[in-house]
Amino acid sequence: MSDKAIFAAGCFWGVEHIYNKHFKHLGIKTRVGYTGGQVENPEYQEVKKGSTHHAEAIEIVFDPEQVSYETLVEFFYKMHDPTTLNAQGPEDIGTQYRSAIFYLSEEQKQIAEKVTQQVQEAHYKGTPIVTEITPASEFYDAEEYHQFYLEKNPEGYACPTHYLRW
C-alpha cells in the first residue's frame, strides 16, 4: 500500500534531490511539479515569474510501513528554512518558492499541524514558521528536464538553503 505527500520548499530540484538522498533506499518515488495555483497545466516559464501562484513542489509516493508521513514532514522542516515568507535563499524569491505542505487527508493535516508545532517549539523559538498548510489541489508534472535535474546535472543550481539543520 502506498501513500502520497506533497511539499513545497523552494526550488524543486534541491528538494527532490535531498529527499532522494535520504529516503530513496526506503522505496520513495518522487516527481517535481506545480501545485496550489490558479492556472491549468502551467508551464515553467509562467510559474517562475510567479504569475500563476503555483508553488514549485515535490510529490512523494511512499510506503507508510517503510517511512511515515510524520517522518517526511519533520524532514521537510529540517531541510529548508520555513521562516522566510515566499523565499528560499538569495535567488528563489516569490510565491512559487513558498514553504507549503499540501495535505491529502484530514489525518495528514493533523500530523502536519502537530509536527509544525513541535518544530516551532524545538527549533524556531522567537521566529515564527510561515509554512502554509493547505489542502492539496491538482498537481501538474513539471517538464521532463526538471525531473531528477540534479542527478542529471550534478553541477546544476541547487538552492543554498537545502541542507539538514539538525
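This is a predicted model: local features need pLDDT of at least 70, side-chain atom pairs count only at pLDDT 80 or more; totals for chains, interfaces and linings use all residues.
Local features need pLDDT of at least 70 and side-chain atom pairs count only at pLDDT 80 or more, whereas totals for chains, interfaces and linings use all residues. Residues are numbered from 1 along each chain as its sequence is written, and side-chain values use heavy atoms, with hydrogens and water left out.

View 1. Strands are DSSP runs of E with at least two residues, and helices are runs of H or I with at least four, numbered from the N terminus. Thr35 counts as buried because its relative accessibility is 0% (buried, under 20% relative accessible area; exposed, over 50%; partly exposed, in between; 1.4 Å probe, protein chains only). Its side chain makes a polar contact of 3.3 Å with the side chain of Ser137 (N or O atoms within 3.5 Å, one able to donate a hydrogen and the other to accept it; residues adjacent in sequence count only if both atoms are side-chain atoms). Residues touching Thr35 include His53, Arg98 and Phe139, with those up to four places away in sequence not counted (contact, heavy atoms within 4.5 Å).

**View 2. Thr116 in helix α4 (residues 106-123).** With 13% relative accessibility, Thr116 counts as buried. The side chains of Thr116 and Tyr77 are joined by a polar contact of 2.5 Å. Beyond four places in sequence, Thr116 is in contact with Tyr77, Ile101, Ile129 and Ile133.

**View 3. Packing of helix α4.** The buried residues of α4 pack against β1 (3-9), α3 (69-78), β6 (99-103) and β7 (132-135). Exposed Glu107 and Gln117 lie on the face of α4 turned away from its buried side.
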